[in-house]
Structures are given as structure tokens and as C-alpha cells.
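Me: Please take a close look at one part of this model, the place where the chains meet. Which residues and elements are involved there, and what lies around them?

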Amino acid sequence: MKNIKLIFAGVLFTLSASFIGILLSGRVQLGSLGRAPAEEGGPLFPPREPGLAIQGRQVYISLGCVACHTQQVRPASQGNDIAKGYGPRHSVARDYVLQPSVLLGSHRIGPDLANYGARVSSENEIHSHLRSPKAGSAMPSYAFLYTTGKDGSVVPTEKATALVAYLKSLKIDYSSPEAKLNQ
Amino acid sequence: MSQDSYRPSFTLSRVDASVAQPVRLFFASAFLWLILASIVSVITAIQLKDNSFLGGCSLTTYGRLKALEGNLFAYGWVTNALFGLNLWLMSSLTRFEFKNAWLANLGGVIWNLTLTYGAIQIVLGNMNGLSLLEMPKEVSLASFVGFLLAALWPAVAFSRRPTGHVYVSQWYILGSTFVFPITFALTHLLVLWCPAQGVLQALVHSWFYQNFHLLWFASSAIAAVYYFIPKESGRTVAAYYLSTVGFWTYFLFASWTSPASLLGSPLPLWIQSVGVVASLLMLIPLVILSINFLGTLSWNRGLSQSWNNTTLRFVLVAIFALILWGALFAVFSTRGFNAVVRFTSFNVGLEHLLSYSFVSFVIFGATYFILPKVTGSFWLSPKLVHLHFWSSAIGTVSLLVITLVAGWQQGSGLRTDWPSGIFPAVLFLIGHIAFGINAFGMLTAKLSSGHESTHA
């Protein structure tokens with residue numbers, strides 16, 4: 001192995017093998033995935049996101065929530081996410097097709113949020129959690145997203161409103177051809 | 001020659017002198033970023049324990065500082081250090097006298113300015129959500145050019161080398177020098193510029209992340225281990241004939257392992273399984289590496305000999321870390337075990353094992369060897385070297401124990417909180433400051449004594 005061209009060609013080969021084998025074949029399989037009805041003629045899922053939620057995702061990204069939260073529910077055969085109540089079914093590739101940036105995440109310092117919108121009861125609950133999380137929890141306070149009104153009441157900034165709309169939109173409450181909700 | 005030096009200094013060899021300037025620049029920037037990253041990592045560790053710490057404004061919120069820490073460590077510390085290490089190693093193996101130091105310097109300046117800009121953007125919240133791709137997309141082109149100018153010189157040195165002999169180290173350096181820019185360009189294109197659809201982004205990201213760690217970080221570090229073991233122990237590498245197989249299997253399997261980090265995710269099952277199989281196959285090159293490394297050092301009191309040599313002491317810890325990483329990575333990529341530790345602090349431990357306990361320890365050891373050769377002065381204080389070694393070593397062992405054990409406990413439902421790791425973070429900071437004082441002492445001693453290194 002004295003020849004630089006041989007090493008270059010060899011390394012290039014190994015790299016393109018994995019590129020083609022994993023990324024391109026993944027693309028062939030998933031690239032054309034779109035919205036689909038769970039049953040013939042039913043409504044298309046995943047639902048379109050409200051505009052405010054799209055802005056909220058940007059806030060979520062820019063505050064680095066993904067450092068602590070995942071958005072993926074693993075199948076029952078691969079972990080206990082469903083048993084823990086993170087979602088009624090596991091996540092499938094189709095759930096993410098409308099998302100401009102996918103935030104699967106890799107660390108769960110806090111709970112998974114893929115189905116958070118279905119768990120939470122009110123916007124106020126989310127606002128108060130963001131503003132003052134439980135003492136002793138690792139979840140940081142995002143009080144800087146709120147201001148105080150003239151009458152001393154708490155006023156969410158635009159960012160906070162968008163973020164909450166985004167969190168509320170995170171729901172796995174529909175069946176997809178690949179994974180049905182258990183009735 | 002030097003009238004004013006109060007500590008012994010010596011003349012650089014011609015080859016060392018020809019690369020001294022860029023190597024010093026790369027190392028100096030690497031050390032600064034390392035200390036900065038360590039400070040940030042102490043802050044984020046405290047934030048996990050006390051969620052109000054520096055939480056009052058968006059600039060220092062945990063999510064941004066964590067991204068900052070990762071980028072400074074990977075692109076500031078490790079990558080700069082590898083620019084210097086690979087360049088020095090290659091020129092010294094080929095006896096090639098480097099004529100274009102200014103181009104490498106320019107590359108280093110571009111790389112570090114882009115990183116500074118990117119780091120500021122992260123703190124301002126102008127960032128992406130994929131780890132080590134957080135810097136906004138406008139930095140792509142500049143970092144790419146910076147990288148090419150800073151890092152392609154080993155390939156030039158190799159193709160123009162005056163000597164014919166080829167060493168294993170050189171394959172690994174060339175391999176990593178080629179892989180990084182290709183991976184970098186493809187990933188930035190497919191994730192930031194024309195984003196792939198849906199979960200494919202996560203797949204491309206995992207490919208990038210794995211190539212970056214195994215084929216840029218680790219393979220450069222492996223090159224250095226292949227160099228320093230025979231050099232400092234005076235022995236020939238055991239079972240040398242295996243090293244070719246080791247090299248090719250390493251490069252063949254490493255980037256196929258990427259989907260193993262996506263087990264249970266919404267990606268097709270067969271892709272995940274490919275990752276699992278590749279992680280097991282990685283044991284082949286890793287066994288060969290351990291035979292080459294430990295086989296050389298383990299007989300005839302080689303281990304205690306290594307322990308008494310500063311460079312080899314770091315390298316020795318690094319070798320054990322690599323072996324442990326390979327074993328844990330293979331075992332915990334299998335579905336059953338992975339289901340337990342996925343998303344837990346276990347993965348923090350595994351990543352630390354590779355990028356700190358292995359790669360950074362190799363760089364530390366290498367720096368202790370190289371810096372005198374490119375500055376012409378000696379390390380200021382052996383005490384600081386000891387302090388550096390012990391705080392980094394104790395820090396790394398305690399971080400591993402904390403994250404691996406807690407990760408296993410989290411996964412099996414025995415524990416819910418995340419370990420903060422303040423103790424190891426503080427130890428790392430202490431060690432890195434000790435290292436930095438020593439290193440900058442040498443780097444500035446040369447400047448103040450004022451004679452040109454190229455006189456040699």
C-alpha cells in the first residue's frame with residue numbers, strides 16, 4: 001500500500017458503499033412517503049400543522065429543547081415507551097413527513113414529547129410549566145419568555161405563544177397504514 | 001543561539017521547523033477551545049443539578065450551552081488538534097519539508113474564525129436541532145474551505161515524500177483526511193441546504209455523526225498510537241501483518257454502524273439491523289488493533305515501561321478505553337441491551353469513552369511529545385503534567401462509572417434522574433488548565449526568545 005491513489009480509491013469505495021447502502025436505499029424506500037388515510041377514503045394523516053406551531057418548532061429548536069427531549073415512541077418490542085405512556089402506538093416514518101426539521105432527539109433527560117399534546121389538558125398548564133417547572137427538576141425555567149403586564153399579570157411573549165401551540169400540536173392520535181391505534 | 005532563555009531550549013530539525021508554525025497555531029487554538037469547552041461543561045453540569053443556574057436569559061439556557069459545549073469540543077479542540085497532529089506526524093514520517101506553511105495557517109485561521117462565528121450564533125439561538133450540525137448553514141462553505149486548507153497537507157506530504165517506506169499510521173491519516181471532507185460536504189448538503197425528507201434527516205445525521213467520530217477522530221488517533229508505541233517503547237509492532245486487514249475492515253465497517261444509534265426509531269427495520277451487524281463486525285478491526293497495541297506493549301515489562309513515559313502513559317489509558325468502547329459498543333448495539341440503555345446517560349458515557357478517554361488522551365500524549373519539537377523548549381513543570389494526567393484520568397473514570405451505571409439504572413427503571421456529573425467536569429477543567437499553563441508556557445517562551453525556528 002504505497003500508492004496514495006489506491007488508499008484514496010479504497011477509502012472512497014468504503015464510504016460510498018455505506019452511503020449507497022444506507023442513505024440512498026433509505027431514500028428509495030422513504031423518499032416518496034406522503035400523507036395517507038388510515039382506511040380507504042378516510043382523512044389524510046399526519047394532519048397539517050397550524051402556522052403558529054411551525055413557528056413554535058423554530059423556538060423549540062433555538063432554545064435547544066432537543067438536548068433533553070425526544071420525539072419518538074419506540075415499538076413495544078424495542079423498549080417500554082408505550083408502557084410508560086409516551087404514546088398509544090409507536091412512531092412511524094410517515095408521522096414526520098410534513099416536518100421541515102425532524103427532532104427525534106437522542107437523550108431523555110425529560111420525558112418524550114411525541115404525544116405530549118394529547119396528554120396535556122390546557123394551554124395554561126404548559127405556560128406555567130415552562131415559566132416555573134417543578135423545583136428540583138432538571139427542566140430549566142423559561143421565564144424569560146414571559147413579561148409582566150401593567151396589572152401585574154403574566155403575559156406570554158410571541159415566542160411563548162408559538163412554542164405552546166407547537167407543543168399542543170404534538171399528537172399521535174391517529175392511525176397510520178403502518179401502525180394502527182388499538183381501540 | 002538564544003541569549004535570553006532561562007530554560008533549556010534546542011534547535012528544531014529541518015522537517016519539524018518546516019511545519020512548526022501551523023502546528024503551533026493548531027495546537028494553540030485547540031488548547032484555548034478545550035479550556036472554553038470545559039468551562040461551559042462545568043456550567044451545564046451545574047444546570048442539571050440546579051435548574052435556575054444562569055437560566056435567567058436565553059443566551060445561557062441549557063439547550064444552547066450544551067450545543068455550544070459539543071461544538072467547541074469537537075470542532076475547536078479535537079479537530080484543531082488533529083490538524084496539528086496529522087500534519088506533524090505525516091511530515092515527520094515522510095521527512096517531507098513543508099513549503100506552504102502560510103496556506104495551512106490561513107486554513108487554520110478560516111476554520112477558527114468560522115467556528116467563532118458559529119459558536120456566537122448558537123448562543124444567540126440561530127441554530128439547528130441536530131447535534132454537531134447546530135451551526136447555521138452559512139458556515140458550511142467557509143468551514144469546508146478552512147478544512148481543506150488546514151487538513152489536506154498530509155496527503156501532499158505523502159504523495160511527494162522523499163522516502164519510500166510506508167507506515168500504518170500513514171494509511172489511517174490519509175483515510176481520515178479523505179473521509180472527513182466528503183462526509184462533511186454530503187451531510188451539509190442533505191441536511192442543511194436541501195434537507196432530505198422526514199426521518200431521512202436523522203439517518204443522514206447518524207451517518208455523519210458516526211463517520212465524524214470513527215473515521216475522523218478515532219482513525220486519526222489510531223494513526224498516532226501506531227506511531228508512538230514503537231517510537232517510545234523501541235519495540236516493533238506485534239503481529240504487524242494483521243494491520244492491513246485491520247485498516248481495511250475498520251474503514252469498511254465503521255460507517256455502516258451508524259443506524260445502530262437509531263434502534264427503535266421510525267426508520268425501516270432492515271436499516272437498523274444493518275447497523276447492529278456492522279457494530280458486531282467492528283470487533284474484527286478492534287481485536288486486530290488490540291493485538292497490535294497491547295501485544296507490543298504487554299511483554300517484558302512493557303506496561304510498566306510505558307507507565308513511566310509521559311506520552312505512553314496517556315496512550316496506554318487510551319488503548320484500554322478503545323478496547324472497552326469496542327466491547328460495549330458491540331454489546332449495547334444488540335437489540336435487547338439497546339432497548340434498556342437507549343436515550344439514557346449510558347450513551348453519554350459511550351461517547352465520552354471514544355472521544356475523550358480514547359481520542360483526547362491520545363492527543364494529550366502526542367502533545368507532550370510534539371510540542372517540544374515544534375517550539376524548541378521543554379515542558380515547564382512536571383508537576384502540572386502529573387496534575388493534568390491524574391485529574392483527567394480520575395475525571396474520565398468517574399464520569400464513565402457515573403453515566404454508564406446511571407444509564408443502566410434509568411433504563412431498568414431503578415432511577416429517574418439524570419446524573420449531573422459536576423465532579424468529573426470540575427476535574428477536567430482543573431486538568432485542562434494545568435495542561436494549558438504548561439502548553440502556553442512553551443508556546444510563548446519561543447515567541448519571547450525571538451529567534452526564528454527556521455534557522456535550524
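Reply: **Contacts between the chains**

Leaving out residues up to four places away in sequence, A:S18 touches A:L23, B:W207, B:S255 and B:W256, where contact means heavy atoms within 4.5 Å. This is a predicted model, in which local features need pLDDT of at least 70 and side-chain atom pairs count only at pLDDT 80 or more, while totals for chains, interfaces and linings use all residues. Residues are numbered from 1 along each chain as its sequence is written, chains are lettered from A and ligands numbered from 1 in the order in which they are written, and side-chain values use heavy atoms, without hydrogens and water.

A:S18 sits in helix α1 (residues 4–30) of chain A; helices are DSSP runs of H or I, at least four residues, numbered from the N terminus. A:S18 has a relative accessible area of 0% and is therefore buried (under 20% with a 1.4 Å probe, protein chains only; exposed is over 50%, partly exposed in between). Its side chain makes a polar contact of 2.8 Å with that of B:W207. Such a contact is a pair of N or O atoms within 3.5 Å; within protein, one must be able to donate a hydrogen and the other to accept it, and residues adjacent in sequence count only if both atoms are side-chain atoms.

For the interface as a whole, 67 residues of chain B are in contact with 65 residues of chain A. The buried area is about 5400 Å², with 69% from carbon and sulfur atoms; this is the accessible area (1.4 Å probe) that the two parts lose on being put together, summed over both. Between the chains there are 12 residue pairs in polar contact, both at pLDDT 80 or more, and 0 salt bridges (side-chain nitrogen of Lys or Arg within 4 Å of a carboxyl oxygen of Asp or Glu).

On the side of chain B that touches chain A, the helices that each supply at least two residues include α2 (62–94), α7 (200–233) and α8 (243–254). The largest share, 9 residues, comes from α6(B). By class, this side has 38 nonpolar, 24 polar and 5 charged residues; Ala, Val, Leu, Ile, Met, Phe, Trp, Tyr, Cys and Pro count as nonpolar, Asp, Glu, Lys and Arg as charged, and the others, Gly among them, as polar.
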